[in-house]
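Subject: Structure handover

Hello,

Here is the structure I promised to pass on to you. Please have a look at it first, and then read my notes below.

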Amino acid sequence: MLHTVNKSPFEKNSLHSCLRLSKPGANILLLEDGVYGALKGSDISEDIEASLADRGVYVLGPDLKARGIHDDRLIDGVQVVDYAGFVKLAVDAPRVQSWL
Amino acid sequence: MVTEDTNHEGGQVKKFLYLNRRAPHGTNYAQEGLEVALIGAAFDQDVAMAYTDDGVFQLKKDQDTSDIGTKNFSATYGALGDYDVTRVYVELESLARRGLTKEDLMPLVYEDEDDDWEEKPLIRFVSEAELRDIIEEHE
Amino acid sequence: MSLEVNGKAYETDEEGYLANLSEWNLDLAEAMAKEDGCDLTENHWEVVNFLREYYDEYQIAPAVRVLTKAIGKRLGKDKGNSKYLYELFPYGPAKQACKYAGLPKPTGCV
């Protein structure tokens, strides 16, 4: 299953709920203001690091670039995808849940 | 937040502090907030900007919106000095909570008219306690 | 609304500002000025070109006060004053020059 989060984790609890309620094996894609959740060394980065043990975490490249975040600032293990990669994640998943 | 001061001609000068708490690009708040502040400044309001919470992301350097098809309004922060907005505060605690440091922000400057147009840094980094005082001053 | 120049129609807003910045060209600027009864001289072009550069750098059309100050710094005090700029652009220097420069109406325009 693919979960998408497009809100900043520092402003809304969408990412928090997604991490809490997603299952091992799921993929999580951060996009729009959700990409801030992939920053290394933030107040919430430990939550993402923990979830990487049994879930895939992806982040949308164009949204990172728009926000001035280079790949070297991301939590280790988070993978950057482009729009085609986003589509592939969605197509490969039996279901997509958006955490708005 | 607005306070009123009397200037030496006896007129009212309003002091505005625009508190910016939202990230750019995901919503319009940041861009519209910047425009409103610049319009106020163009009409001779005494404008100061404060960036806290996700608002600090507005000043992140290297923003490039070419792949998401929106206007890169982060360039416009460079015009704040031209509009005589020379008090721009950024809260350090908000940066730290987001894994950012001072060096992550655009090196904005203004040219000081009273000092032979010398270029000076625009951003003043303040602690939570200092920001509390700044907000109070404008109340 | 639209304006036709050299057989091509350019979309504008109701005040005559170009809808699509990237369509701008020299002939179009001349035609917009002609509509206002204004012939663009070298002095006009100095201001129009300055505005285009300013927009390119800051993504914003500067208000008249900002323009005046910036022109003064770039081209000298004899040009960076309202009298000079209003003589060139009687409808308001920022407003009118921005139009010929293909820019949106200035942020904080008077």
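Let me start with a loop in chain C: N6(C) sits between β1 (2-5) and β2 (8-11) of that chain, where helices (H or I, at least four residues) and strands (E, at least two) are DSSP runs, numbered from the N terminus. The phi of N6(C) is positive, near 50°, and this residue is not a glycine. N6(C) is exposed, with a relative accessible area of 65%; buried means under 20% relative accessible area, exposed over 50%, and partly exposed in between (1.4 Å probe, protein chains only).

Before going further, a word on the basis: this is a predicted model, in which local features need pLDDT of at least 70 and side-chain atom pairs count only at pLDDT 80 or more, while totals for chains, interfaces and linings use all residues. Residues are numbered from 1 along each chain as its sequence is written, chains are lettered from A and ligands numbered from 1 in the order in which they are written, and side-chain values use heavy atoms, with hydrogens and water left out.

W117(B) is not a glycine, yet has a positive phi of about 60°. Its place is the loop between β5 and β6 (118-121) of chain B, and with 26% relative accessibility W117(B) counts as partly exposed. As background, most residues other than glycine have a negative phi.

Now to chain B as a whole. There are three helices and seven strands in it, and from the N terminus on the order is β-β-α-β-β-α-β-β-β-α. Chain B has 139 residues, of which 45% count as buried. Taking contacts (heavy atoms within 4.5 Å) in chain B between residues at least 6 apart in sequence, 69% join residues at least 24 apart.

How do the chains meet? Two pairs of chains touch, and the pair with the most contacts is A and B. Chains A and C do not touch, and their nearest C-alpha atoms are 15 Å apart.

The largest nonpolar core has 90 residues. Such a core is a set of buried Ala, Val, Leu, Ile, Met, Phe, Trp, Tyr and Cys residues joined through side-chain atoms within 4.5 Å. Among the residues with the most contacts inside this core are L30(A), M49(B), Y77(B) and V47(C). Helix α2 (residues 42-58) of chain C gives the largest share, eight residues. Apart from this core lies another one of eight residues, including L2(A), L31(A), L89(A) and A93(A). Leaving aside neighbours within four places in sequence, M49(B) is in contact with residues including L17(B), L34(B), L80(B) and V88(B).

- A30(B) is in helix α1 (residues 29-42) of chain B and is buried, at 1% relative accessible area. Beyond four places in sequence, the contacts of A30(B) include P24(B), F73(B) and Y77(B). A30(B) and F57(B) are 27 residues apart in sequence, and their C-alpha atoms are 9.8 Å apart.
- Q63(B) lies in the loop between β3 (46-51) and β4 (87-91) of chain B and counts as buried at 8% relative accessibility. The side chains of Q63(B) and H25(B) form a polar contact of 2.7 Å; the term stands for a pair of N or O atoms within 3.5 Å, where within protein one must be able to donate a hydrogen and the other to accept it, and residues adjacent in sequence count only if both atoms are side-chain atoms. Not counting residues up to four places away in sequence, Q63(B) also touches chain A, at K65(A), A66(A), R67(A) and G68(A).
- K99(C) belongs to helix α5 (residues 93-100) of chain C and counts as buried at 14% relative accessibility. Its side chain makes a polar contact of 3.4 Å with that of D36(C).

Happy to hear what you make of it!

Best wishes
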